[in-house]
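The stops below are given in the order in which to select them.

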Amino acid sequence: MAERDAGSAAATASIPSLVAAMDAHRAAGRGDLAMAAGRQAMELSPGDARHWMRIGNRMRDLGAFEDAARCYRECVARAPDYAIGWVNLGLTLADLGDGP
């Protein structure tokens, strides 16, 4: 029952509420829960590049560089002129050792 309730909560969660949950969990020292909330947000596949940027920023802060890179790629795919998206993607790829 608890598993089904958790799935229902994820299905009705909004991107802003999940980003807020990421921040709260991170502040409480619960990186695992912060990343879980971030991955839920990623699954909602928001169409807005700004959402992908926010999620990517939180994932990068948590050291989840692969997830952050995916978010930044989604961001620039939706808004190719969004320069900070490209900058953050480049910095994250460098963190992963894939940069110049």
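Predicted model: local features only at pLDDT ≥ 70, side-chain atom pairs only at ≥ 80, totals over all residues.

Residues are numbered from 1 along each chain as its sequence is written, and side-chain values use heavy atoms, with hydrogens and water left out.

Select residues 49-61, helix H4, and residues 83-95, helix H6. Helices here are DSSP runs (H or I, at least four residues), numbered from the N terminus. The two axes come within 11 Å and cross at roughly 25°, so H4 is roughly parallel to H6 (angles under 35 degrees). Axes are lines fitted to C-alpha atoms over the stretch in contact, with angles from 0 to 180 degrees between N-to-C directions.

Next, show the side chains between them. From H4, Met-53, Asn-57 and Arg-60 meet Ile-84, Gly-85, Asn-88, Leu-91, Thr-92 and Asp-95 of H6; contact means heavy atoms within 4.5 Å.

Now centre on Thr-92 in H6. Is Thr-92 buried or exposed? Thr-92 counts as buried, at 0% relative accessibility (buried is under 20% relative accessible area, exposed over 50%, partly exposed in between, with a 1.4 Å probe and protein chains only). Beyond neighbours within four places in sequence, Thr-92 is in contact with Arg-60, Phe-65, Ala-68, Ala-69 and Tyr-72.

Finally, go to Gln-40 in helix H3, residues 31-43. Gln-40 is partly exposed, at 33% relative accessibility.

Key: Helix = DSSP H or I, 4+ residues; strand = E, 2+ residues; numbered from the N terminus. Parallel < 35°, antiparallel > 145°, perpendicular 65-115°, else oblique.
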